[in-house]
Amino acid sequence: MKTLVIVPTYNERENLPRLIEAVLATTPEVEMLIVDDNSPDGTGGLADEIAAKNPRVHVMHRPGKLGLGTAYIAGFRWALERDYEAVMEMDADFSHDPRELPAFLAAAKDADVVIGSRYKQGVRVVDWPLRRLLLSYGASRYVRLITGMPIHDPTGGFKLFRRHVLAALNLEQVHSEGYSFQIEMNYRCWMAGFRLVEIPITFVDRRVGVSKISRRIVWEALWVVWRLAAAHGFRRRTKPRPAA
Ligand SMILES: Nc1nc2c(ncn2[C@@H]2O[C@H](COP(=O)(O)OP(=O)(O)OP(=O)(O)O)[C@@H](O)[C@H]2O)c(=O)[nH]1
Ligand SMILES: [Mg+2]
């Protein structure tokens with residue numbers, strides 16, 4: 001399945017070259033789109049240099065730090081203008097292990113959306129401080145409690161959408177930015193009746209570079225869940241989608 005792996009970057013100079021190499025080595029089916037927000041450390045220029053030598057690597061430049069959510073939406077649109085059958089989200093900082101990528105492609109044969117899950121069949125998070133783990137795990141329980149969405153890890157950012165899913169969603173309606181972007185995408189896919197499948201992944205804390213998580217991102221996630229649920233009348237189940 002021809003797949004585009006979208007990697008948003010902001011100051012990931014130390015990670016990006018190794019990441020690209022590792023991702024492309026997994027399978028000839030994948031290409032990559034780096035969406036760089038004019039990183040002060042020059043990640044964008046570095047991506048251009050790599051892309052110039054490798055036709056499987058593409059780069060989108062944005063003028064400044066516009067957020068993760070809009071970076072992915074821009075990437076999704078770019079993919080839909082081309083002939084990719086699947087589109088993946090992945091972080092640049094090696095928290096998502098490239099070696100797990102083929103498992104997503106395999107699972108996509110029987111799913112519309114494949115979600116890499118840290119919290120299905122146990123908890124697999126390496127090197128996070130307990131505080132951060134509790135925040136993330138607590139958020140996942142909170143999302144499930146309020147929306148009824150049967151997903152163990154709704155804030156994770158290692159995932160795959162089949163092309164027809166992105167084509168069916170109204171991407172212009174998606175406004176959230178940080179963790180809530182992941183929640184919102186899952187929720188919209190679930191409400192639309194698509195098949196969401198979780199596969200176990202192991203998440204490792206970033207080794208180099210700095211985190212971009214902020215208090216604002218956490219608050220956004222807390223209230224976005226209520227906004228989404230209210231917009232759908234607090235409906236807690238979906239109707240199966242008629243076969244296409
Ligand atoms: N283009 C773009 N990329 C971003 C932006 N914010 C974060 N990213 C990238 O999105 C991915 C996830 O961001 P991280 O900073 O790793 O966020 P996190 O995983 O929640 O936190 P840490 O791993 O602790 O840093 C990384 O590849 C970042 O470089 C942004 O505003 N624009
Ligand atoms: Mg990270």
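1. A quick term before we start: a salt bridge is a side-chain nitrogen of Lys or Arg within 4 Å of a carboxyl oxygen of Asp or Glu. D37 and R62 make one, with their closest N and O atoms 2.7 Å apart. D37 sits in the loop between β2 (30-36) and α2 (43-53) and R62 in the loop between β3 (57-61) and α3, so this pair ties together parts 25 residues apart in sequence. Helices (H or I, at least four residues) and strands (E, at least two) are DSSP runs, numbered from the N terminus. Over the whole structure, a search finds eleven salt bridges.

2. Some housekeeping: this is a predicted model, where local features need pLDDT of at least 70 and side-chain atom pairs count only at pLDDT 80 or more, while totals for chains, interfaces and linings use all residues. Residues are numbered from 1 along each chain as its sequence is written, and side-chain values use heavy atoms, with hydrogens and water left out.

3. Now the ligand. Ligand 1 is surrounded by 18 residues (a heavy atom within 4 Å counts as near), and E12, D37, D93, R132 and R206 are the closest. That shell splits into seven nonpolar, three polar (Gly counts here) and eight charged residues. β1 (3-9) and α3 (68-80) each supply at least two of its members.

4. One is 2.8 Å from a side-chain N or O atom of D93, and one lies 3.0 Å from a backbone N or O atom of G67. Taken alone, ligand 1 exposes 630 Å², and the protein buries 94% of that (Shrake-Rupley method, 1.4 Å probe).

How values were computed
Chains are lettered from A and ligands numbered from 1 in the order in which they are written. A polar contact is a pair of N or O atoms within 3.5 Å; within protein, one must be able to donate a hydrogen and the other to accept it, and residues adjacent in sequence count only if both atoms are side-chain atoms.
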